Amino acid sequence: MTKRPFIGWWVVGVGSLCYGFGISPMYYSWGLFLPEMQRDLGLNDTQSGLVFSVFSYIYHLLGPLVGIAMGRYGIRSVMVPGSAIAVVAFWLMSRADSFADCLLAYGVLGGIAIGLATILPAQTLASNWFVRSRSRAIALVLGGGAVVGFGVNKYFAPEIIRLADWRTGWVIIAGISATVGVIAALFIRGTPEKVGQEPDGGPASGDAELEDQRGPTGQGEWTAPLALRTSQFYLLVGLSIAYGVPWGIISVFGRDHLESLGFTLAAAGSILGARVLVSLFGRFSAFLGDFMPPQTLLGIVLLIEGLGCAGLIFAETTLLAYLSVILVGLGFGAAYVCIPVTYSAFYGRRAFGTTVGTRFAITGVIAPAAPTLAGMLSDWSGSHVLTFSIMATTCLLGALVAFGLRAPVLGARPIAPVAASSSSG
């Protein structure tokens, strides 16, 4: 009987398509539509940041539940309902008339939709299908966000504002979400075992089977509760916050900051679009995580991202603005891949969903407050300079931590007891 060709890379391609169109239009359009929404709805920077913070809180805090649901029902069974909720959320956003409407539609329902349909499912899909090539797989599936995000920043949002209005934009985004749900229902396959295949394509990846049975240390199998007993888990949580906060703040207030430096809407859209496009190359540079310790690569890219944030403080020329966003894009893009790759390398494939989901929940208590705080600092100081200074410092300190990070040893003495109620499966 002829062996069926390995479909893992095809599945990653579909996952990349669903991830890119599932998250990028709604994530980036909030900040790009924001000045017009503020004018029409009477929002200030603090309220605008709060809506984005609530959105971020929701999808982060859903992490453990999404991990459990994927383990019990499968990735596809989580993504499809998430896409359906996205349709409702963004249609309601197109009809918003107040801060409260935005908070419900974008903040709450949008956060639920993205939490179910995009970030954690995309990473888990790649981790399920690949072990030896996990850096490349995760980079490819997450690369869809950069490709689509570039188009949203460069073309979609500016053209919507020029030709129509922000309400029309949200209606189109609702339609895109519906299409993503149909594609996920038809083509996503959550694990290779469900279609009679093995990670990485079969017998050549026998070491992948060994990792599943004995864990990455060869001493047993990691679970989320065991991971929570290691200091490395919490250091990676901190590094997740360090690399992720600048991206969210720039997505919300980047246009406003660049326009305050003298750039037009078209120029700001091009600059911010370059940031997202370059993040694609950053994600692909994370391929190096298959050939060197991913935590070392994480230290390098945090350093790069910090330098980019510092450059944006003084980016009054086109050259410096582009150079700064290129550094931010490269650093963020690679870190975006390095974090889940490091978790997978440290704690194994079987624990990936619940471990990363738990990390999402913990970062969700802290990181989503950043846009609100940035808005408050802007309303207080009259600019975003102080915020960008803090972001640069945090990234540079995070780089030092990453360079000193080492893999945990299963069976080593835990840093503290963890209550049984903290287990997520």
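## Contacts of L298

Apart from neighbours within four places in sequence, L298 is in contact (heavy atoms within 4.5 Å) with L236, L239, A335, C338, I339 and A402. The model is predicted: local features require pLDDT of at least 70 and side-chain atom pairs count only at pLDDT 80 or more, whereas totals for chains, interfaces and linings use all residues. Residues are numbered from 1 along each chain as its sequence is written, and side-chain values use heavy atoms, with hydrogens and water left out.

## Nonpolar core

L298 also belongs to the largest nonpolar core, which has 124 residues. Such a core is a set of buried Ala, Val, Leu, Ile, Met, Phe, Trp, Tyr and Cys residues joined through side-chain atoms within 4.5 Å; buried denotes under 20% relative accessible area, exposed over 50%, and partly exposed in between, for a 1.4 Å probe and protein chains only. The residues with the most contacts inside this core are M26, W30, F33, M93, Y106, W170 and L298. Helix α1 (residues 8-41) supplies the largest share, 15 residues. Helices are DSSP runs of H or I with at least four residues, numbered from the N terminus.

## Cysteines

Zero disulfides, defined as pairs of cysteine sulfur atoms within 2.5 Å, are found in a search of the whole structure. For C395, the closest cysteine sulfur is that of C309, at 4.8 Å, which is too far for a bond. C395 is buried, at 0% relative accessible area, and C18 is likewise buried, at 1% relative accessibility.

## Position of T393

T393 lies in helix α17 (residues 385-403) and is partly exposed, with 45% relative accessibility. Between T393 and L303 the C-alpha to C-alpha distance is 9.8 Å, although 90 residues separate them in sequence.

Technical notes. Helix = DSSP H or I, 4+ residues; strand = E, 2+ residues; numbered from the N terminus.
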